[in-house]
Amino acid sequence: MKILQLGGLSLFQSEEALVKACQKGDPKAQRRVYEKYSSRMLGVCFRYVHDDFEAEEIMIEGFVKVFEKIDTFKLEGSFEGWIRRVMVNEALMYLRRTKNAKLEMSYDNILYEPEPEQFSTQLEVDDLMKLIETLPIGYRTVFNLYAIEGYSHAEIAASLGITESTSKSQLSRARVILQNAIAQQKSTVN
C-alpha cells in the first residue's frame, strides 16, 4: 500500500490506496475520506432537505453506510460519484421516512399546465441553487435527481415510489416555477 509519511501524518498517494485502506477498516483512511468529501456531500444532502441539522445527520448516516458498504466499491468509476450516490439514497430514505415528500399528484390529473418559456440568462450557479431551494420539496427532489444527479424518470419513480408520469409532472412544474422566478428576476433588474 502506498502511503506517504509527512510530519507524522499519513497521506494516501492515490484514491485507490485510500479506498483499499478503507476496505481494510483503517481509521486514518476513513478520516481522510470524510475530510476530503464531507463538505461536498453536505451540499448534496442539503439540496434535498433545507435544514442544516437534518442535512448533517443524513450526511453522517451516509458516511456510515459508505464505510459499511465500501467493499462493494470495485475501484471502477468515480469513488466520489459512488459516495454521492450513497448520499442521495440516504437523503431519499430520509424523505420517505419523514413523509415530507409530497409527490403524489399524477401527470394525468393536470388539466392545464403552461408551456414553459425559453429564457437565456447568465444567472450565477449560486443564484440558481437559491431558486431551486425555494421549490416545494417534491418538485425540488425530482428536479435535483433528474437535472443535477442525472437519474432517469424510471430511476426516480423507483427511488421515490411514484409513477414515471408523476416524476415527469414534478419536473415540468419545477421548471415552470424556476423559469417564472428567473423571468421575475430579469424584470426587476431591467
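Among the elements that cover the buried residues of helix H3 are H2 and H4. Covering is judged by contact, meaning heavy atoms within 4.5 Å. Buried means under 20% relative accessible area, exposed means over 50%, and partly exposed lies in between, with a 1.4 Å probe and protein chains only. Helices (H or I, at least four residues) and strands (E, at least two) are DSSP runs, numbered from the N terminus.

This is a predicted model, in which local features need pLDDT of at least 70 and side-chain atom pairs count only at pLDDT 80 or more, while totals for chains, interfaces and linings use all residues. Residues are numbered from 1 along each chain as its sequence is written, and side-chain values use heavy atoms, with hydrogens and water left out.

Let me stay with H3. This helix spans residues 52–69, which is 18 residues. From first C-alpha to last it reaches 25 Å, close to the 26 Å expected at 1.5 Å a residue; the expected span is 1.5 Å times one less than the number of residues. Which residues of H3 are buried? They are Ala55, Ile58, Met59, Gly62, Phe63 and Val66. Viewed down the axis of H3, these buried residues fall within an arc of 140 degrees, so they line one face of the helix. The arc is taken from the directions from the helix axis to the C-beta atoms. Phe53 and Glu68, on the other side of H3, are exposed.

At the start of H3, a side-chain oxygen of aspartate 51 comes to within 3.0 Å of the backbone nitrogen of phenylalanine 53. That falls under the polar contact criterion: a pair of N or O atoms within 3.5 Å, where, within protein, one must be able to donate a hydrogen and the other to accept it, and residues adjacent in sequence count only if both atoms are side-chain atoms.

Phenylalanine 67 also lies in H3. Its relative accessibility is 21%, and it therefore counts as partly exposed. Leaving aside neighbours within four places in sequence, phenylalanine 67 is in contact with Cys22, Gln30 and Val33. Phenylalanine 67 and valine 19 are 48 residues apart in sequence, with a C-alpha to C-alpha distance of 9.8 Å.

I turn to the aromatic residues. The whole structure holds 6 aromatic pairs. In tyrosine 37 and phenylalanine 79, the ring centres are 5.9 Å apart and the planes stand at 80 degrees, so this pair is edge-to-face. Tyrosine 37 belongs to H2 (residues 27–48) and phenylalanine 79 to H4 (residues 79–98), so the pair ties together parts 42 residues apart in sequence. Tyrosine 37 and phenylalanine 79 are both buried. Phenylalanine 79 and tryptophan 82 have ring centres 6.0 Å apart and planes at 15 degrees, so they are stacked. The criterion is that rings of Phe, Tyr and Trp (its six-membered ring) pair if their centres lie within 6.5 Å; planes under 30 degrees apart count as stacked, over 60 as edge-to-face, and the rest as tilted. Phenylalanine 79 and tryptophan 82 are 3 residues apart in H4, separated by about one helical turn. Tryptophan 82 is buried, as is phenylalanine 79. Ring pairs join Tyr37, Phe73, Phe79 and Trp82 into a cluster.

A charged side chain also meets a ring. Arginine 85 lies over the face of tyrosine 151, at 4.3 Å from the ring centre; the condition is NZ of Lys or CZ of Arg within 6 Å of the ring centre and within 35 degrees of the ring normal.

Next, the loop between H6 and H7 (153–160), where glutamate 149 is found. Is glutamate 149 buried or exposed? With a relative accessible area of 16%, glutamate 149 is buried. Its side chain makes a polar contact of 2.3 Å with the side chain of arginine 47. Not counting residues up to four places away in sequence, glutamate 149 touches Val44, Arg47, Tyr48, Arg84, Val88 and Asn144.

In H7 we find histidine 153, buried at a relative accessible area of 13%. With the exclusion of residues up to four places away in sequence, histidine 153 touches Tyr146, Glu164, Ser167, Lys168 and Leu171.

By contrast, threonine 134, in the loop between H5 (125–133) and H6 (137–148), counts as exposed at 59% relative accessibility. A polar atom of the threonine 134 side chain lies 2.5 Å from the backbone oxygen of leucine 131.

Finally, the overall picture. The protein has 8 helices and 2 strands, running β-β-α-α-α-α-α-α-α-α from the N terminus. Of its 190 residues, 36% count as buried.
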